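Hi,

Here is the structure I promised to pass on.

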Amino acid sequence: MATAAIARKGAVVQEFTYIWSGKDKSGKTIRGEIRANGEAQVNATLRRQGIRVDSVKKQRMKRGGKVSDKDITLFTRQLATMLKSGVPLLQAFDIVGKGNSNPAVSRLLLDIKTDVETGNSLKQAFERHPLYFDALFCNLVGAGEQAGILDSLLDRLASYKEKILAIKSQIKSALFYPISIIVVAFVITAVIMIFVIPAFKSVFASFGAELPAPTVFVMNLSEYFVTYWWLIFGGIGFGGYAFFYTWKRSVKMQIIMDRVMLRIPVFGDLIRKSSGRARSRRCLRQVCHWSKRWTPLPALQEIMSTTQQPKKFRARLLPAPA
């Protein structure tokens with residue numbers, strides 16, 4: 001449900017979106033939307049505007065939906081365009097939130113708008129949703145707020161996210177074929193273990209001879225597959241989901257995985273060397289890119305540190321403590 005919490009005299013007032021219809025002074029039927037804490041306030045507000053109210057209905061926002069990288073990129077571009085056009089920040093959030101067809105995005109933007117209305121900075125409002133707005137996004141927004149160039153930085157940030165989105169799309173397309181091969185191979189192996197090998201078990205038993213150790217091992221493995229197939233498939237599915245879910249949301253898990261990858265023989269050395277070169281190129285590009293927008297140096301250091309991979313290298317770029 002589209003709601004907003006506004007602090008008034010120490011109390012938190014819950015607001016809702018209402019859809020109303022009525023007639024103006026000339027008798028023409030008109031419709032619209034209004035945010036209020038109840039139908040009585042809606043009727044009073046519309047009467048003051050000279051509108052005779054016929055019906056008032058509370059708008060219910062649909063549940064479900066998922067906020068994707070594409071949604072965040074589109075929102076960034078829309079927000080940058082509106083701010084450049086002179087639309088106030090809160091009004092821009094209201095327009096984008098209500099105009100989005102994804103209920104999850106609408107709820108997210110209305111929550112951010114509420115945080116800004118209650119006195120938080122835009123950076124602080126974004127930082128409350130780390131799953132959708134990473135440290136780079138939040139730090140750039142904070143730098144834009146401090147330097148008074150929020151519209152310009154959002155425009156460049158939107159271009160940056162659009163390029164990243166295009167690169168991710170190309171990577172997904174390139175990985176589709178090998179992942180499909182792995183999935184098909186796993187399915188074929190499971191079918192052989194569950195259906196084909198048990199059919200040969202009676203044939204092997206009729207030989208009356210001692211079977212080789214590899215054959216016995218495969219038959220025992222097949223028997224295990226037949227008995228516990230539901231546990232194997234369920235464990236792989238749930239384990240994989242839990243692993244990637246935690247990896248994406250937990251900073252500690254990300255640091256642990258970075259350390260593990262760096263300690264892998266051969267590949268760890270390759271990752272360390274390649275990431276070192278990539279870090280140098282990335283830092284130089286960002287210094288050149290963001291210094292053109294008069295980004296403050298401390299903010300620039302923090303911005304550069306947030307893009308470093310693996311995460312253990314980020315502290316090296318942070319400003320030294322006083």
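A quick term before we start: a crossing of two helices is called right-handed if the near helix is turned clockwise from the far one by less than a right angle, and left-handed if anticlockwise. Keep in mind that this is a predicted model.

Let's begin with helix 2 (residues 69-84) and helix 3 (residues 89-99). Helix 2 passes helix 3 in a right-handed crossing. Their axes are 10 Å apart, and the packing angle is about 140°. Angles over 145 degrees would count as roughly antiparallel, so this pair is oblique instead. On the helix 2 side you'll find Phe75, Gln78, Leu79, Met82 and Leu83, and they meet Leu89, Ala92, Phe93, Ile95 and Val96 of helix 3. Sorted by class, that contact has nine nonpolar residues, one polar and no charged.

Now for the other partner, helix 7 (residues 150-206). Helix 2 packs against helix 7 with the axes 8 Å apart and at an angle of about 155°, which makes the two roughly antiparallel. This time the crossing is left-handed. Helix 2 contributes residues including Asp69, Lys70, Ile72 and Arg77, while helix 7 brings Leu150, Asp151, Glu162 and Lys168, among others. What classes of residue make up the contact of helix 2 with helix 7? There are nine nonpolar, four polar and nine charged ones.

Cheers

Note on methods: Residues are numbered from 1 along each chain as its sequence is written. This is a predicted model: local features need pLDDT of at least 70, side-chain atom pairs count only at pLDDT 80 or more; totals for chains, interfaces and linings use all residues. Side-chain values use heavy atoms; hydrogens and water are left out. Axes are lines fitted to C-alpha atoms, for helices over the stretch in contact, and angles run from 0 to 180 degrees between N-to-C directions. Helices (H or I, at least four residues) and strands (E, at least two) are DSSP runs, numbered from the N terminus. Angles under 35 degrees count as roughly parallel, over 145 as roughly antiparallel, 65 to 115 as roughly perpendicular and the rest as oblique. Contact means heavy atoms within 4.5 Å. Ala, Val, Leu, Ile, Met, Phe, Trp, Tyr, Cys and Pro count as nonpolar, Asp, Glu, Lys and Arg as charged, and the others, Gly among them, as polar.
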